[in-house]
Amino acid sequence: MEVKKLKKRYYKKGDNYVDALKEVDFRLEEGEFIIIMGSSGSGKSTLLQILGGLDSPTAGDIFINGEKIGEFNEEPFATEYRKKNIGFVFQFYNLIQALSVGENVSLPLILRGDSSKDIKNMTKEILNLVGLSEREKHIPSELSGGQQQRVALARALITSPAILLADEPTGNLDSKTSTEILELIDETRKKLNQSIVLVTHDPRVATYGDRVNPNMTREENTIFIMRKLHEVIKES
Ligand SMILES: Nc1ncnc2c1ncn2[C@@H]1O[C@H](COP(=O)(O)OP(=O)(O)OP(=O)(O)O)[C@@H](O)[C@H]1O
């Protein structure tokens, strides 16, 4: 995926506006894990929403395999684009409480119209991958936060999307559980050869990516993370 000069301007009342994204440029290689790190309000969620086809940019382009993707928020294009390419994981899991773990995970396949045999097999396989085979019949509220995020990850991965977009996926978890989830995300990425864009404000999380804020050089990234980690240690 290549992002070129992506801009997003939100218009407010009167002539007021906010430029949430100003000319964002980066390239995401196949199988690469990149982290976008920034403080609250720096436009991280906006970027993921646009990359995921949930919102359209004010200007700029996104290319997948060299092909420019079309009208971002126009149906049925946006739904097709998401179904084909994208998996999403959010901070608050966004699971449907009225459905069981298995039903939550299989939802994307049901919506896609897969056969019930395929749905059953794929659901078992993906629950096994995230270590939740025993919990298929449970409802989400019976699980811990970390387990609920595993369910959300399984739901995002069940269609084998080329790109996983993660918006503060550990923002609601303690540090031990955060580490487990980040390691799981990294492990499944390697198994499925996925690319990941993860956004966070947490420098500890940022240490998991191949690159942070990808328009920086590797050396700048290292200095950046070290400085941020130093700040975190000093604060806590
Ligand atoms: N729908 C909207 N309408 C108007 N302004 C918006 C809208 N969504 C976001 N913004 C503004 O755009 C800027 C970037 O917001 P965004 O949510 O992308 O930041 P963020 O980095 O994800 O922040 P956080 O970490 O707090 O979630 C903010 O100034 C925000 O107020």
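How many bridges join S7 to S8, and do the two strands run parallel or antiparallel? Five bridges join them, and the strands run parallel. This is a predicted model, in which local features need pLDDT of at least 70, side-chain atom pairs count only at pLDDT 80 or more, and totals for chains, interfaces and linings use all residues. Residues are numbered from 1 along each chain as its sequence is written.

The chain's secondary structure comes to eight helices and nine strands. Here helices (H or I, at least four residues) and strands (E, at least two) are DSSP runs, numbered from the N terminus. Of the 236 residues, 34% count as buried. A residue is buried if 20 or more other C-beta atoms lie within 10 Å of its own, exposed if 12 or fewer, and partly exposed in between, with C-beta atoms placed from the backbone. Among contacts between residues at least 6 apart in sequence, 67% join residues at least 24 apart; two residues are in contact if their C-beta atoms, placed from the backbone, lie within 7 Å.

The pairing of S7 with S8 belongs to an open sheet of five strands in the order S6-S7-S8-S3-S9, with parallel pairing. Two strands pair if DSSP finds at least two bridges between them. Strand S6 (86-89) and strand S9 (211-212) are the edge strands, each pairing on one side only. Gly87 stands opposite Leu164 in S7. Asp167 stands opposite Val199 in S8. On to S3, five bridges join S3 to S8, again in parallel, and Ile35 stands opposite Leu198 in S8.

Is S8 enclosed by the rest of the structure or open? Six of the six residues of S8 are buried, so S8 is largely enclosed by the rest of the structure. In a regular strand the side chains alternate between the two faces of the sheet. Ser195, Val197 and Val199 point one way from S8, while Ile196, Leu198 and Thr200 point the other way, and all are buried. Asn193 has a positive phi of about 50° although it is not a glycine. Asn193 counts as exposed because it has 10 C-beta neighbours inside 10 Å.

The other sheet is also open, with four strands in the order S2-S1-S4-S5 and antiparallel pairing. Its edge strands are strand S2 (17-27) and S5, each of which pairs on one side only. S1 and S2 pair in the antiparallel sense over seven bridges, and Tyr10 stands opposite Val18 in S2. The hairpin of S1 and S2 has five residues between the strands, and in it Gly14 takes a positive phi near 65°. On S4, four bridges join strand S1 (residues 2-11) to strand S4 (residues 59-64), running antiparallel; Glu2 stands opposite Phe63 in S4. Lys5 is found in strand S1. The phi of Lys5 is near 45°, a positive value in a residue other than glycine. With 13 other C-beta atoms within 10 Å, Lys5 is partly exposed.

Helix H1 relates to both sheets. Helix H1 (residues 44-51) lies across S1, S2 and S4, running at about 60° to S2. H1 also lies across strand S3 (33-37), S7 and strand S8 (195-200), at about 155° to S8. Axes are lines fitted to C-alpha atoms, for helices over the stretch in contact, and angles run from 0 to 180 degrees between N-to-C directions.

Two packed helices are described by the angle between their axes and the distance between the axes. The axes of helix H5 (residues 145-157) and helix H6 (residues 175-192) come within 10 Å and cross at roughly 20°. H5 and H6 are therefore roughly parallel to each other, a term for angles under 35 degrees. H5 contributes Gly145, Gly146, Gln149, Arg150, Leu153 and Leu157 to the contact, and H6 contributes Thr177, Glu180, Ile181, Leu184, Ile185, Thr188 and Leu192.

Finally, Gly70 is found in the loop between strand S5 (67-68) and helix H2 (77-85). Gly70 counts as exposed, with 11 C-beta neighbours inside 10 Å. The C-alpha atoms of Gly70 and Tyr81 are separated by 9.3 Å, the two residues being 11 apart along the chain.

Conventions
Angles under 35 degrees count as roughly parallel, over 145 as roughly antiparallel, 65 to 115 as roughly perpendicular and the rest as oblique.
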